[in-house]
Structure formats: C-alpha cells, structure tokens
Amino acid sequence: MRKPNTRMIRINDELQRELANIIRTEVKDPRINKMTSVIKVETTSDLKYCKAFVSILGNDEEKAGVMQGLKNASGFIRHLLAERVNLRNTPEILFKLDDSVEYAIKMDRLIKEISSEGGSGNDQ
C-alpha cells in the first residue's frame with residue numbers, strides 16, 4: 001500500500017471537516033442524531049469514491065437508523081459538498097460505521113474495573 005501524498009491528506013481533511021459540518025447543520029433527517037461524528041475520510045486517488053467513517057453513540061437500532069438516514073441523504077450531502085469543496089470531481093460518499101470510539105470507552109471501563117479490583121482485597 002502506498003503512502004498517501006500530502007494532496008490526498010489535505011483533500012481527506014477538508015472532506016471530513018465539510019461532511020461533519022453538513023451532517024451537523026444541513027441534514028434534517030430525524031434519524032440522524034446530533035451524536036454522529038465523522039471520524040475519518042478515505043478518498044480514492046481518482047476522487048471517484050470516498051469512505052466516510054462515522055461514529056454514532058446509541059444502541060444498535062439507533063445506529064442502523066442513522067446509517068440508513070445517511071445513505072438516503074448521500075445525494076443531498078454530495079450536492080452540498082460539491083458547492084463547498086473545490087474539486088473537479090465530487091466523490092460518491094460511502095458511509096461506514098466506526099465503532100472504535102465506543103470500543104475504546106468500553107475497554108477503558110473494563111481496565112478501570114480490573115485495576116480497582118486488583119488494588120483492594122488481596123492483603124495478607
């Protein structure tokens with residue numbers, strides 16, 4: 001796998017910033033809650049496709065609703081992205097669920113539980 005060049009890094013950062021802003025302010029779908037964050041964006045080198053990794057706080061049913069809402073609104077989001085980001089081709093957006101933030105919170109909680117149990121009780 002090739003190392004991404006600085007141009008692609010800048011494009012990914014700009015797309016991530018604008019996607020987050022559009023989702024937060026422009027999309028009016030009631031399924032998409034305010035706890036939806038764009039974690040990372042990966043764009044193909046030909047700028048045809050863009051994977052947007054989103055983190056959603058909520059249960060599985062809420063996550064499924066948000067993902068469906070994003071999928072349904074992807075054309076509208078792409079249209080707004082084309083207006084805001086100056087690219088020759090505006091990539092087609094594929095939304096992917098990213099559970100890494102929730103996983104990190106869960107692991108942190110487990111580590112704290114284990115460390116609090118290990119620190120108490122085993123004195124002889």
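Reader: Which residue's side chain meets K40 in a salt bridge?

Author: The partner of K40 is E42, and their side chains meet at 3.0 Å, N to O. This is a predicted model, so the distance is a computed one.

Reader: Are K40 and E42 buried or exposed, or in between?

Author: K40 is partly exposed, at 40% relative accessibility. E42 is also partly exposed, with a relative accessible area of 32%.

Reader: How accessible are R84 and E26?

Author: R84 counts as partly exposed at 29%. E26 is partly exposed as well, with a relative accessible area of 30%.

Reader: Which residues are linked with R84 in a network of salt bridges?

Author: E18 and E26 are linked with R84 in that network.

Reader: Give me another salt bridge. Which residue's side chain meets D29?

Author: R31 does, at 2.8 Å, N to O. D29 is buried, with a relative accessible area of 17%, while R31 is partly exposed at 35%.

Reader: Why does D29 count as buried at 17%?

Author: Buried means under 20% relative accessible area, so D29, at 17%, falls in that class.

Reader: New topic. How many helices and strands are in the chain?

Author: There are three helices and three strands in the protein chain. Along the sequence they follow the pattern α-β-β-α-β-α.

Reader: Where is helix 2 kinked, and by how much?

Author: The kink in helix 2 is centred on S74 and is about 55°.

Reader: What caps the N-terminal end of helix 2?

Author: N59 does, with a side-chain oxygen that lies 3.1 Å from the backbone nitrogen of E61.

Reader: And which residues of helix 2 are buried?

Author: Among them are V66, M67, L70, I77, L80 and L81. K63, G65, G69 and A73 are buried too.

Reader: Why would residues three or four places apart in an α-helix point the same way?

Author: An α-helix has 3.6 residues a turn, so residues with that spacing point the same way.

Reader: Let's zoom out. What is the radius of gyration of the chain?

Author: The protein chain has a radius of gyration of 19 Å, whereas a compact globule of 124 residues would have one near 14 Å. The C-alpha atoms fill a box of roughly 70 × 40 × 20 Å, taken along the principal axes.

Reader: What share of the residues is buried?

Author: Buried residues make up 32% of the 124 residues in the protein chain.

Reader: I clicked on L47. Where is that, and what is its phi?

Author: L47 is in the loop between strand 1 and strand 2 (49–56). Its phi is near 60°, a positive value in a residue other than glycine. L47 counts as buried, at 7% relative accessibility.

Reader: What about T36? Which residue's side chain does it contact?

Author: A polar contact of 3.0 Å joins the side chains of T36 and N33. T36 lies in strand 1 and is buried, with a relative accessible area of 13%.

Reader: Now R7. How far is R7 from S45?

Author: R7 and S45 are 9.9 Å apart in space, C-alpha to C-alpha, and 38 residues apart in sequence. R7 sits in helix 1 and is partly exposed, at 43%.

Reader: Last one. Where is A104, and how far is it from Y49?

Author: A104 is found in helix 3, residues 100–119. A104 is partly exposed, with a relative accessible area of 42%.

Note on methods:
Residues are numbered from 1 along each chain as its sequence is written. This is a predicted model: local features need pLDDT of at least 70, side-chain atom pairs count only at pLDDT 80 or more; totals for chains, interfaces and linings use all residues. Side-chain values use heavy atoms; hydrogens and water are left out. Buried means under 20% relative accessible area, exposed over 50%, partly exposed in between (1.4 Å probe, protein chains only). A salt bridge is a side-chain nitrogen of Lys or Arg within 4 Å of a carboxyl oxygen of Asp or Glu. The bend at a residue is the angle between axes fitted to the seven residues ending there and the seven starting there. Helices (H or I, at least four residues) and strands (E, at least two) are DSSP runs, numbered from the N terminus. A polar contact is a pair of N or O atoms within 3.5 Å; within protein, one must be able to donate a hydrogen and the other to accept it, and residues adjacent in sequence count only if both atoms are side-chain atoms. The radius of gyration is taken over C-alpha atoms; the globule rule is 2.2 Å times the number of residues to the power 0.38.
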